[in-house]
There are 2 protein chains.
Amino acid sequence: MTRSSGRFIIAVDAMGGDYAPDEVIKGAVEASRDSEIEVVLVGPEETLHKKLSQYKGADTSIRCVNASEYIQEGEPPALVLRQKRDASILVATKMVKKGEADAVVSAGPTGAAVAAALMVLGMVEGVERPAFGGTPVGITRDSILLDCGGNVDCKPEHLLSFAVIGTVYVKKLMGIENPTVALLSVGSEEGKGNALVKESYPLFRDSGLNFIGNAEGNDIISGKANVIVCDGFTGNVLLKFCEGFGSSINQWLRAKLAGKLPHDERDEICRELFSITNTADMIGGVPLLGVNGNAVVMHGRSRAPLFTSAINCARDMVRSGFVESLNTELIQTRRQLKNVVD
Amino acid sequence: MTRSSGRFIIAVDAMGGDYAPDEVIKGAVEASRDSEIEVVLVGPEETLHKKLSQYKGADTSIRCVNASEYIQEGEPPALVLRQKRDASILVATKMVKKGEADAVVSAGPTGAAVAAALMVLGMVEGVERPAFGGTPVGITRDSILLDCGGNVDCKPEHLLSFAVIGTVYVKKLMGIENPTVALLSVGSEEGKGNALVKESYPLFRDSGLNFIGNAEGNDIISGKANVIVCDGFTGNVLLKFCEGFGSSINQWLRAKLAGKLPHDERDEICRELFSITNTADMIGGVPLLGVNGNAVVMHGRSRAPLFTSAINCARDMVRSGFVESLNTELIQTRRQLKNVVD
């Protein structure tokens with residue numbers, strides 16, 4: 001979407017996250033230094049204005065939109081969204097639906113952010129629930145693994161929708177022409193895998209996607225395919241395993257290098273090791289892939305720099321035209337599969 | 001099983017593996033220096049005797065048992081085991097069945113080794129297919145993850161049998177009194193997980209095992225439980241991911257430390273990093289857990305030192321009385337669950 005202002009309007013849930021609204025505002029002020037970005041903070045207007053005024057000389061492009069309520073961790077999302085009609089996450093998401101904003105960013109409870117996106121924006125046709133794309137290891141830069149999130153019980157059609165989502169994502173956000181796609185399995189040959197993978201294989205083969213077969217666990221890092229598809233249970237376990245692994249290896253390495261390298265050199269190596277194994281923590285925001293609109297969710301414990309980077313992530317999503325392309329590509333895949341069947 | 005000789009008799013498939021029989025024999029000679037171990041090499045007797053004679057002064061406790069055939073990589077296991085009745089893996093496994101050996105070790109095709117174990121030794125009652133227990137990261141020493149192998153499509157009863165297997169393994173092989181058990185899932189709270197995990201939860205809770213609830217991906221490394229249970233698809237993907245990850249991080253670290261540390265210090269750190277992330281490669285052999293007899297399978301590409309360590313692994317399994325305890329413990333768990341139902 002392009003605006004007459006030439007700016008991408010990002011609605012930010014100012015009351016979402018453990019450090020809201022202070023760290024949200026700080027991160028938003030930083031993000032709004034980008035001339036392409038116009039931030040709209042959604043929350044109690046008076047408070048927000050007062051806090052914003054502390055940033056003397058800050059970019060004045062930040063606007064505030066009032067929302068008198070917000071959702072707390074632990075409240076049942078679906079229910080509370082119906083009760084708190086003026087919750088900041090709901091107001092911000094509705095701005096996207098009404099075309100008043102191009103994307104919404106929230107560090108509020110993930111369940112609530114996802115529920116708001118589903119309720120207000122809905123899903124792209126052919127996708128059932130939002131998928132999370134992850135890059136478990138930062139060494140592999142041109143590859144994503146999905147789903148790493150919400151879809152813990154999948155059917156073959158779900159996996160196929162992840163493949164299409166991943167293909168569009170890698171094309172649009174990573175600039176890769178004809179992304180390769182693989183199914184995560186326990187062996188590289190066709191016929192290896194659990195029932196889900198075996199049933200999905202022919203669907204992938206006939207989809208018109210650039211399917212190259214199965215990938216194994218180690219192929220996630222070697223980057224055998226640009227898009228590696230798995231159910232959300234496996235993906236989530238892998239992503240968290242990688243985070244835990246990175247932290248442990250980090251401690252181990254810190255101890256190993258103690259007394260062998262100057263402090264600053266050791267710290268730099270360890271910091272880099274952390275960042276390549278905890279990619280989600282570094283990025284800040286994760287787009288809800290498959291939602292019919294741009295929504296970026298964040299960890300509740302995020303601080304200002306992560307809000308800046310999540311707002312940038314939202315900008316990139318909007319600029320790339322991801323949602324529009326996904327709609328087109330899903331129609332094309334369905335048509336292709338129909339042709340094979342007919 | 002104890003022998004009048006006081007030795008554990010380990011039947012080794014001398015023709016299994018990419019470097020058979022030379023590396024097998026070399027590894028067996030080394031292993032037989034242990035006064036508790038008596039190795040029986042199974043293969044073409046004449047060839048084996050000739051090759052053994054090169055080890056002058058080697059321990060004479062090594063015996064040879066003739067087998068005129070062997071199974072090659074790529075041959076369909078079930079079929080070929082019916083055709084090649086004198087295949088080394090079959091002859092060696094039958095020795096265990098007949099009580100002529102306490103355990104069998106093979107680096108032949110895994111499918112054939114597993115099929116021979118199933119066909120000749122059978123499974124312990126209540127276990128359907130052999131499970132593989134893995135320690136993905138060597139930092140966590142008192143914990144295993146299973147199944148990492150053959151059971152890619154699981155029912156709740158399968159997961160429960162892995163929990164019992166893991167409990168007995170950790171008790172008997174790691175000397176831990178009352179091992180804690182967790183279900184691998186996408187959230188720590190009850191009710192989080194895919195359908196399989198959710199259905200398994202009450203079964204685990206009522207099993208009489210020391211069940212502490214769900215574990216997440218990062219808990220595998222932090223060692224939240226001594227036994228972490230998952231389906232064989234997830235476990236296999238995790239184990240291979242970890243191996244690939246370890247290799248990549250190793251290369252990354254090697255480059256980072258170049259010119260900063262003396263060569264030997266760098267090599268030592270990198271070697272250690274490899275060994276803690278490629279635990280299967282370091283151990284050499286993996287016992288087929290749930291088989292009604294001791295069978296240890298190995299990577300086809302194993303060299304002599306891994307044969308030594310796999311033979312030692314077989315000795316430890318026999319000495320621990322794992323199979324006998326597993327039979328007892330499974331009966332107990334069934335009784336416990338029956339009481340809950342009644």
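Contact here means heavy atoms within 4.5 Å. This is a predicted model, in which local features need pLDDT of at least 70 and side-chain atom pairs count only at pLDDT 80 or more, while totals for chains, interfaces and linings use all residues. Residues are numbered from 1 along each chain as its sequence is written, chains are lettered from A in the order in which they are written, and side-chain values use heavy atoms, with hydrogens and water left out.

**Helix 6 against helix 13, chain B**
- L160(B), V164(B), I165(B), T167(B), V168(B), Y169(B), K171(B), K172(B) and L173(B) of helix 6 touch F322(B), S325(B), L326(B), E329(B), L330(B), T333(B) and L337(B) of helix 13.
- Helices are DSSP runs (H or I, at least four residues), as are strands (E, at least two), numbered from the N terminus.
- Helix 6 (residues 156-174) and helix 13 (residues 322-341) of chain B pack at about 135 degrees, with axes 9 Å apart.
- That angle makes the pair oblique; under 35 degrees counts as roughly parallel, over 145 as roughly antiparallel, 65 to 115 as roughly perpendicular and the rest as oblique.
- Axes are lines fitted to C-alpha atoms, for helices over the stretch in contact, and angles run from 0 to 180 degrees between N-to-C directions.

**Helix 13, chain A**
- The 20 residues of helix 13 of chain A should span 28 Å at 1.5 Å a residue, and the end C-alpha atoms are 28 Å apart, which agrees. The expected span is 1.5 Å times one less than the number of residues.
- F322(A), V323(A), S325(A), L326(A), E329(A), L330(A), T333(A) and L337(A) are buried (under 20% relative accessible area; exposed is over 50%, partly exposed in between, with a 1.4 Å probe and protein chains only).

- Helix 10 (residues 263-277) of chain A packs on helix 9 (residues 232-257) of chain B at about 150 degrees, with axes 12 Å apart.
- The two helices are therefore roughly antiparallel.

**Single residues**
- E46(A) lies in helix 2 of chain A and is exposed, at 67% relative accessible area.
- D219(B) is in helix 8 of chain B and counts as buried, at 11%.
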